Amino acid sequence: MNQAHWQHRLDELAAKHGVPGAQLGILRGDDLLTLATGVLHAGTGQPAATDSVWQIGSISKVWTATVIMQLIDEGRFTLETPVAQVLPEFRLRDAETTAAVTVWHLLTHTSGIDGDLFTDTGRGDDALEKYVALLADSARNHPLGATWSYCNAGYSVLGRVIEVATGQTWDQAIKEKLFTPLGLTHTTTLPEDAMVFGHAMGHVKGGDEPVVAPVWGLPRAVGPAGLITANVADVLAFARMHLRGGVAADGTRVLSEESTAAMSAYQTDCPEKRLLGDSWGLGWFRCDWHGHRAYGHDGNTIGQAAFLRVLPEAGVAVALLTNGGHTHDLYADLYDEIFAELTGVRLPEPFEPPAEPAAADLTPYAGTYERESVRMEVFDDDGKPTLRTTVTGPLAGLEDDPVQTYEMTPVEPGLYAVRPEGMETWVPVTFYSLPTGEEYVHYGARATPKKLG
């Protein structure tokens, strides 16, 4: 926990990876180290500080899941409770699926609801209620429980479950049930509350000429899936509570020991085990680090990215909050050093293709794959396996270029690697079929079905 050493490494690696600003927190037992580097906003030059706040993105899902588990502790419902029993207004296109989706399906990303619905339903307290009503027209990504696909929409539904169960907005409920008992002083859910602190602005391009994002945040309806704003000290206070079996630093019982353990315990497999984790719990994803079990979550909003990892056997948690550039490369370099130094455990070797590309036949996988927010085309381009992704829907307008084309390098049958321009990190592209025969591609933590014909 050498402050000067880790400050030097944060400064050096953030510059190397073109990250405008970052905040780093390291928790080991009761010892907490917080550091900051760079700027919050490239246009204003405001320095990043340890009390600045950043969007933690989808790490918010673990907080929402924690409140759901608190309500289960209180006997409001169970993991097996159908969502429609709590939310009579909940409707999907298929009535049978509507009746069968449970709280567990939403927590584990196995509901099949198309996950990337980012429609703005307004700033009012009824934003989540209006959002849930939109799902009646949304597409199904996969049959209920048939595979795993990251689902933002499911967590917005869970936010509405919290509202109905508590009689409060999600924002009020999570403040009362988590922020207050944890003693958090720099954690908010609404932009007007974040503005009282120095707050990071996202950048859609980092490096020597950073480009500030066109908007600050996502719509309010996405709140339970990704709108918490915090500093690393507060993020690690949340992680410490999970490390201590559901008890806050002052001894307050926040979550039962049984529910805390269930959240990081195995619940379901991930078809693609390299990008995030090999399996999923209730909110947390689970990682195998050379035989050592870690858990965590990442978050990405508009030009901001956050990373949280917990190694329970060592009592160590690390949080990194960033605002642009090659953030995953920064995470990979920094976390490997930190965990190796403090615990003797190294992160898994980075995913990458073999030195000599494997022989592969693209024919079984070629074609168009599509879900509601993206179209993916797999084809041979002059002898090179190629993936072209096109973002559609509301998010397309926020992308600098909604169409991206990647050369795919074969790794093994059904597995390819792509590397976005300028990045060191390789990303897996996995092709697979459901037991019932439907063909899918898993990329970016989402399962996308192949179009027939």
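1. Let's start with helix α11, residues 232–243: at 1.5 Å a residue its twelve residues should span 16 Å, and the end C-alpha atoms are 16 Å apart, so the two agree. The expected span here is 1.5 Å times one less than the number of residues. Helices are DSSP runs of H or I with at least four residues, strands are runs of E with at least two, and both are numbered from the N terminus. Bear in mind that this is a predicted model, where local features need pLDDT of at least 70 and side-chain atom pairs count only at pLDDT 80 or more, while totals for chains, interfaces and linings use all residues. Residues are numbered from 1 along each chain as its sequence is written, and side-chain values use heavy atoms, with hydrogens and water left out.

2. How many residues of α11 are buried? Ten of the twelve are, so the helix is mostly covered. Buried means under 20% relative accessible area, exposed means over 50%, and partly exposed is in between (1.4 Å probe, protein chains only). Among the buried ones are Val-232, Leu-236, Phe-238 and Met-241, along with Asp-234, Arg-240 and His-242. Just after the helix, Gly-245 takes a positive phi of about 75 degrees.

3. Now for a helix pair. The axes of α7 (residues 152–166) and α8 (residues 170–179) come within 9 Å and cross at roughly 75 degrees. That makes α7 roughly perpendicular to α8. Axes are lines fitted to C-alpha atoms, for helices over the stretch in contact, with angles from 0 to 180 degrees between N-to-C directions; under 35 degrees counts as roughly parallel, over 145 as roughly antiparallel, 65 to 115 as roughly perpendicular and the rest as oblique. On the α7 side the contact (heavy atoms within 4.5 Å) uses Gly-159, Ile-162, Glu-163 and Thr-166, and α8 brings Trp-170, Ala-173 and Lys-177.

4. On to the open sheet: four strands in the order β14-β15-β16-β17, with antiparallel pairing. Strands β14 (367–371) and β17 (403–407) are at the edges with a single partner strand each, so one side of each has no neighbour in the sheet. Two strands pair if DSSP finds at least two bridges between them. Strand β16 (residues 384–391) is joined to β17 by five bridges, and Thr-389 has Gln-404 of β17 as its bridge partner.

5. Two loop residues deserve a look. Most residues other than glycine have a negative phi. His-109, in the loop between α5 (103–107) and α6 (127–134), has a positive phi near 60 degrees and is buried at 1% relative accessibility. Ala-445, in the loop between β21 (439–443) and β22 (446–449), has a positive phi of about 70 degrees, and is buried too, at 9%.

6. Is Gly-437 buried or partly exposed? At 46% relative accessibility, Gly-437 counts as partly exposed. You'll find Gly-437 in the loop between β20 (427–433) and β21.
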